[in-house]
Amino acid sequence: MIQKKDFVTPPTGLRIIQEGIFDLNRILKEVKDYLFLRKYTVHEKDHTEKMKDTGLDVGVELNAEREINEYIMFNIKIKFRAERLKKIKLQNRYAYRGFLEVRTYAFLNLDYKDNWRSKPLGNMLFFIYNNYIIKNKILEYEDKNYKELEDIRNIIKSILEVDK
């Protein structure tokens, strides 16, 4: 059954973990560049930094959305959690040594303007429209949204691989 918030990934997200050397600033820049290139509106919802005895802890959350049409909006959320960071010099640039966890989420926001739900019988019509009339179209959009999320995950993995 297709809901208003149609998850393309599991609600807990997909996870990438790295223990070692990585360039968090480069990862953030390349992910944002990818999203901007595809006409997403990107919001940095959260950015925290705490210095601890074990090193720097950083948390960043990016929320990106793109209007596909009057009814469907793509949403991608990426949460970065880095712990025990120590700055190190690599040849001609700086990076970090520590632990990095990246969780990625993707979902479609259906009827994001709430045109159906604001009308009498709206919930029933919303259900019929999504689950019977345009179900195949929604499944196509789910695939496209997931493909874009996979592109982002591959960007992150390739940067992590280079920094090993």
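Visitor: Why is Ile68 called partly exposed?
Guide: Buried means under 20% relative accessible area, exposed over 50%, and partly exposed in between, with a 1.4 Å probe and protein chains only. Ile68 has a relative accessible area of 24%, so it counts as partly exposed. Bear in mind that this is a predicted model, where local features need pLDDT of at least 70, side-chain atom pairs count only at pLDDT 80 or more, and totals for chains, interfaces and linings use all residues. Residues are numbered from 1 along each chain as its sequence is written, and side-chain values use heavy atoms, with hydrogens and water left out.

Visitor: Where does Ile68 lie?
Guide: In the loop between strand E4 (55-67) and strand E5 (72-90). Helices (H or I, at least four residues) and strands (E, at least two) are DSSP runs, numbered from the N terminus. The chain has 3 helices and 6 strands, in the order β-β-α-β-β-β-β-α-α.

Visitor: Which residues is Ile68 in contact with, leaving aside its neighbours within four places in sequence?
Guide: Met73, Phe74 and Tyr141; contact means heavy atoms within 4.5 Å.
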